Every structure is written in C-alpha cells, then in structure tokens.
Amino acid sequence: MALRRFLGGKKDEPEWRFTPAPAAPASAETETVRRIVAELDAMPLEKARHLAAFAYILARAAAADLDLSDVEMGVIERLVAEHGGLAEAQAVLVARMARQQELLFGETEDFVVTRQFREISTPDERLDLLRCCYLVGAADDTITNEESDTLQEIAKE
C-alpha cells in the first residue's frame, strides 16, 4: 500500500501480490539425478577433482569458438565416461556441469583449472587430455582458429 501511495495509485486499484508457482512434483527423474549425484559423491575426492578438471578443460576446448555444439557435447560425454569409468548418465551429468561452469566462469577459471589439472596429473594423463581436447575441437569436422589458439594455450598451461 505504501508503494501504491508513493507512486500515486488509486485506492480502489487491486493490490499486486506475488503468488509462488506450485512446487514441481517429485519424479523418477529427480530420483535418478539424486542417485547419480550420490554415486559421484561416493567417488574418492582426488578422482573427483581429476575428473572435474578433465571435463572442464574439454568444455573449455569446445567453447573456444563461442559455440559449444551438441556434437561437441556428445564427444565430451563419451570421453568423460571412458576416462572417468562412469555410466552414461553420470558422464552426461558431469559433462553438463562442466559446460555450465565454462559458460558462466570460463574467462576467470580457465587458467586456474588447467593449472590444477597439471598439478594433479601425470605427463601421460596431460598428453591424453590434450588428445581429447583435439577430438572435441574436431568433433564438427573442423578446428577453427579460435579453437586452435585455445588448444595451444591448454598445451602451454
């Protein structure tokens, strides 16, 4: 009412009220996601960090040209499943989370995550990651200049 008086509204106008949307019913999908998250939570911390950095760097390679396509996401999901020893549903969840983090925080987190991966990985694992980044970059049958530059940055970092 005070806001209406301040804005000069009439007394007989109905008051605006916020009505929250009804809560979504719990579904089998929600339970599936919770089960996957619980399985990922049960993963040893070092393995989880390794996998998270691996997936994030793959998303970084895919997003270099500012177009993270469905084809690239499919390759990331497959690589995360293979290298993380995850079921397909878990790999999809990890890949999608990495994608969101890259889209939200890419510029500020890219170097930090890549450096962390360097610290927790062996030279062979880093070479394997770089190969995977090239697979992601070439998923759409071409590697753009932006992707090439990003792949070189990843290799240097």
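In this predicted model, the axes of helices α6 and α7 come within 10 Å and cross at roughly 170°, where axes are lines fitted to C-alpha atoms over the stretch in contact and angles run from 0 to 180 degrees between N-to-C directions. Because angles over 145 degrees count as roughly antiparallel, α6 is roughly antiparallel to α7. The contact, defined by heavy atoms within 4.5 Å, is made by L130, C133, Y134 and G137 of α6 together with E147, L151, I154 and A155 of α7; by class it has six nonpolar, one polar and one charged residues.

The chain holds seven helices and zero strands, helices being DSSP runs of H or I with at least four residues and strands runs of E with at least two. Of its 157 residues, 35% count as buried, that is, under 20% relative accessible area with a 1.4 Å probe.

Helix α4 (residues 70–84) has 15 residues and should span 21 Å at 1.5 Å a residue, which agrees with the 20 Å between its end C-alpha atoms; the expected span is 1.5 Å times one less than the number of residues. Its buried residues, among them M73, I76 and V80, pack against α3 (45–62), α5 (88–120), α6 (123–137) and α7 (145–156). Just after α4, G85 takes a positive phi of about 65°.

Residues are numbered from 1 along each chain as its sequence is written, and side-chain values use heavy atoms, without hydrogens and water. Local features need pLDDT of at least 70 and side-chain atom pairs count only at pLDDT 80 or more, whereas totals for chains, interfaces and linings use all residues.

Conventions: Buried < 20%, exposed > 50% of the residue type's maximum accessible area, 1.4 Å probe, protein only. Parallel < 35°, antiparallel > 145°, perpendicular 65-115°, else oblique. Nonpolar A, V, L, I, M, F, W, Y, C, P; charged D, E, K, R; others polar.
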